Amino acid sequence: MSNFMLTMTGVCAVVSVAVLFFILGYLVFNGGTSVNWAFFTRLPKPVGEGGGGMANAIVGSAKLLLAASLFGVPIGFFGGIYLAEFSGAKVAGVVRYAADLLNGVPSIVIGIFAYSVVVLPFKHFSTLAGSFALGLMMIPITLRSTEEFLNGVPRMLREGAMALGASKWKTISTVIVPAAYRGILTAILLALARVAGEAAPLLFTAFGNRFWSPGWSQPTASLPEMIFRYAGSPYEDWHKQAWAAGLVLLGFILIINILARTILARGIAVPRS
Amino acid sequence: MATANPTFQSAGPAAGSRSFLSKLRDGDEIARLVTFLFAATVVLITVLLVYELWINSALPRQKFGLHFFVTQVWDPVLDEYGALPFIYGTVVTSAVALLLAVPLGIGASIFLAELAPARASDTLQFFIDLLAAVPSVIYGLLGMFIVVPLVRTVIYPALNKPLGFLPIFKGPSYGVGFLTAGMVLAIMVIPYIISVSREVLLSVPRDQREAALALGSTRWESTWKVVVPFAKTGIMGSIFLALARALGETMAVTMVIGNTPQIVGSLFAPGYSIAAVIANEFTEATGDMYLQSLIELGLVLFLLTFILNGVARLLIIVTTQKGSKVTN
């Protein structure tokens, strides 16, 4: 009995981990043949014409992620500095609570919010609206991990800087933040990887586009949204493209995750988002 | 943090007595103000989110009231909306997901926390973390092309023939439906259950195990009868967390649930979920009542996950603190 149950728990663990390799293997098997140069450089072709690619979706995703980071990371980072270095316990509690609440909001609801505060006033689906939605999702992770890693900096470092006569801000900017930057950067990369795969908040903010999206105020394609649209279509060609997009997206996300967790975070415990 | 401030004030006689002006010159006050603004933005955004959901769902809240939650019509032509089929779909798929994911997830976390050598446990946990990073649209893609045919050709015949008399296994199967969505959700939430449960189990004090072993219990008995009960509350927390994820999950469910608003007993039948109907109909919603009814569904989803996440956090904190108290 004892040994049987112990073995079963091992089987559970192996099955769970095996799912990851199955997903990877299946994507490589199905998408591998469709990932070619054209996938990265061409626009989508109309139904029935083979070939074509998703260059617009790749650029669209890159633009969305860039703008999302520019919006979400500063708010989370400086907010985290405030929590760790300046705020009293009460204010910190309120901010932390708000951040945790925001972190738990389902991504589709984030999409509704972005729709009502960005899309409706501008009367336009746009890259900016999508970035707003994704940026929102980056804030809580960045904020909480910045706070956590700053609090983890040894007190001696602070006291050393203060003893040398540095002001508080000088201490923070030249001693404390540099001491914690690896952990913070890891968390930001993980946040970026998380929102990179989000399709739900983009459906009615960035919307989608079969062509290039000039500037920031036009609807744009993105990889996750293209996978959703192509997988649901009845066309064999589009299914192949969806597999290819899935492989590229998952590859990107896993590489960022592995880099962040192994190289940057060597010896640092990564906080759970 | 609260602990940081006294440190600074006591860092030297000069630090405490520095005038406001000199702090301003050093940039301290400016830094405090600027970082405060960023922190305040987070609170502001969260409040604004709740406000927008509330204001933008005023029409259906006034017209339908609580009827919204108990009526089955979803008719854009007559402008009549009821959420029951979507709530039903969300609840059923999440329940199926937990039924499948909880035993597997807890089993795996017991292995990782109690049996596997630390090195192997960390490596496996690394892969579990990667699994949690796989985007939901990719789970949906695999669900559509692997799980849907699997349900239609393998699971349906296997369950419908011997157990078809049960209402939950009755009727035909198209592959898509409650069961398929539940299965895909189960795969998606397992990593959350494992990660949190493993952490909670690891926080169980060592002497609890040793005491059980010293009393002559086997390894499994000490694990199942001592360690797991000790961590029970925290494991419940991980399940609530998983449930919150499952309820709000959009893309994967939308791709495999069949998108048919109906309340039927059979798990093989196609259904619909709250998140899926928002994803599918939001951009096509014509008319304010239609759009606002979808936003009210979003509000419902928000409140559900809000409550579940709160409970989950509480349970996890209680357990991990219990562990550290005993060791002290």
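The model is predicted. Chain A is built from 10 helices and zero strands, and 79 of its residues are in contact with 74 residues of chain B. Chain B is assigned two stretches, domain 1 (4-55) and domain 2 (64-327).

**Chain A**

- Read along the sequence, the pattern of chain A is α-α-α-α-α-α-α-α-α-α, with zero strands.
- Chain A has 273 residues, of which 52% count as buried.
- Taken along the principal axes, the C-alpha atoms of chain A fill a box of roughly 70 × 65 × 30 Å.
- Of the contacts in chain A between residues at least 6 apart in sequence, 74% join residues at least 24 apart.

**Where chain A touches chain B**

- The contact involves 79 residues of chain A and 74 residues of chain B.
- On the side of chain A that touches chain B, helix H1 (residues 2-31) of chain A gives the largest share, 15 residues.
- By class, this side of chain A has 53 nonpolar, 16 polar and 10 charged residues.

**A helix pair across the two chains**

- Two packed helices are described by the angle between their axes and the distance between the axes.
- Helix H10 (residues 236-264) of chain A and helix H7 (residues 118-133) of chain B have axes that come within 10 Å and cross at roughly 140°.
- Because of that angle, H10(A) is oblique to H7(B); the cut-off for roughly antiparallel is over 145 degrees.
- The crossing of H10(A) and H7(B) is right-handed.
- From H10(A), the residues A:Ile253, A:Leu254, A:Asn257 and A:Arg261 meet B:Phe126, B:Leu130 and B:Ala133 in H7(B).
- The residues of this contact divide into five nonpolar, one polar and one charged.

**Chain B: domains and one residue**

- The C-alpha centres of domain 1 of chain B and domain 2 of chain B lie 40 Å apart.
- B:Ser22 lies in helix H3 (residues 20-26) of chain B.
- B:Ser22 counts as partly exposed because it has 13 C-beta neighbours inside 10 Å, and a residue is exposed with 12 or fewer and buried with 20 or more.
- B:Ser22 and B:Gln62 are 40 residues apart in sequence, and their C-alpha atoms are 57 Å apart in space.

Notes. Residues numbered from 1 in each chain as written. Chains lettered and ligands numbered in written order. Predicted model: local features only at pLDDT ≥ 70, side-chain atom pairs only at ≥ 80, totals over all residues. Helix = DSSP H or I, 4+ residues; strand = E, 2+ residues; numbered from the N terminus. Domains from an automatic or database assignment. Axes fitted to C-alpha atoms, helices over the stretch in contact; angles between N-to-C directions. Parallel < 35°, antiparallel > 145°, perpendicular 65-115°, else oblique. Left-handed = near helix turned anticlockwise from the far one by under 90°. Contact = placed C-beta atoms within 7 Å. Nonpolar A, V, L, I, M, F, W, Y, C, P; charged D, E, K, R; others polar.
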